[in-house]
Amino acid sequence: MSTSSELGSMVLLTRLSRLVYRSATEDILGMKMKAYATLSTLRNGPLPQQQLCISMHLDPNNCVLLLNEMEAAGHVRRTRDPADRRRHIVEVTEEGRKALARSDTALNTVEDQVLGPLSPEERETLRQLLDRALAGDPAEQSVPV
């Protein structure tokens, strides 16, 4: 059996990601993890729908299905871009912001469970390292922060 020190970083990140997905259920978050990730991406301001799909690495068809669900739940609103009527702008609604705040609290509990063995300083270092790794992603560079 392999120890963690023998596994590559990508294997460890994949395992950690799966642990988070198993722990951050819809019952705990109050929404699906993809919806949470979408609201988190939009928390700093509206985005064109196409850019949102790119930044989340979602196929446009799957992105539309996700946004349809989120719009039906009252968490996002899509409006036509006044500068280009062919494009939609996606923004978080007030209800979406409230749901996001509830999910943030729930996800903090999940994070405490998943990253419990790490000190607060180690968690911050991990977050900074993940931010740096993602900074090389062209999709991340076009998302306003």
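Author: Happy to! Keep in mind that this is a predicted model. Let's begin with charged pairs: the structure holds 10 salt bridges.

Reader: Where does lysine 32 find its salt-bridge partner?

Author: Its partner is glutamate 69, and the closest N and O atoms are 3.5 Å apart. Lysine 32 sits in the loop between H2 and H3 while glutamate 69 belongs to helix H5, so this pair ties together parts that are 37 residues apart in sequence. Lysine 32 is partly exposed, at 41% relative accessibility, and glutamate 69 is partly exposed too, at 44%.

Reader: What about arginine 78: is it buried or exposed?

Author: Buried means under 20% relative accessible area, so arginine 78, at 18%, counts as buried. Its side chain meets that of glutamate 71 in a salt bridge, 2.7 Å from N to O. Glutamate 71 is partly exposed, with 32%.

Reader: And which residue does arginine 86 meet in a salt bridge?

Author: That would be aspartate 84, at 3.0 Å from N to O. Arginine 86 is exposed, with a relative accessible area of 72%. Salt bridges can also share partners: Glu124, Arg127 and Asp131 are joined into one network that way.

Reader: Okay, now the sheet. How do I read one?

Author: Strands of a sheet pair through backbone hydrogen bonds, either parallel or antiparallel. Here, three strands form an open sheet in the order E1-E3-E2, with antiparallel pairing. The edge strands are E1 (47-48) and E2 (76-81), each pairing on one side only. Six bridges join E2 to E3, which covers residues 84-92. To see the pairing yourself, find threonine 79, which stands opposite isoleucine 89 in E3.

Reader: Which helices go with the sheet?

Author: Helix H3 (residues 33-42) lies across E1, E2 and E3, running at about 105° to E3. Helix H5 (residues 60-72) packs on the sheet as well, touching E2 and E3, and its direction makes about 120° with that of E2.

Reader: How do I make sense of a helix like H6?

Author: An α-helix has 3.6 residues a turn, so residues three or four places apart point the same way. Helix H6 (residues 94-114) has 21 residues and reaches 30 Å from its first C-alpha to its last, close to the 30 Å expected. Its buried residues include Gly96, Leu100, Ser103, Leu107, Val110 and Val114.

Reader: What covers those buried residues of H6?

Author: The cover includes helix H1 (9-23), helix H2 (26-29), H3 and E3.

Technical notes
Residues are numbered from 1 along each chain as its sequence is written. This is a predicted model: local features need pLDDT of at least 70, side-chain atom pairs count only at pLDDT 80 or more; totals for chains, interfaces and linings use all residues. Side-chain values use heavy atoms; hydrogens and water are left out. Two strands pair if DSSP finds at least two bridges between them. Helices (H or I, at least four residues) and strands (E, at least two) are DSSP runs, numbered from the N terminus. Contact means heavy atoms within 4.5 Å. Axes are lines fitted to C-alpha atoms, for helices over the stretch in contact, and angles run from 0 to 180 degrees between N-to-C directions. The expected span of a helix is 1.5 Å times one less than its number of residues. Buried means under 20% relative accessible area, exposed over 50%, partly exposed in between (1.4 Å probe, protein chains only). A salt bridge is a side-chain nitrogen of Lys or Arg within 4 Å of a carboxyl oxygen of Asp or Glu.
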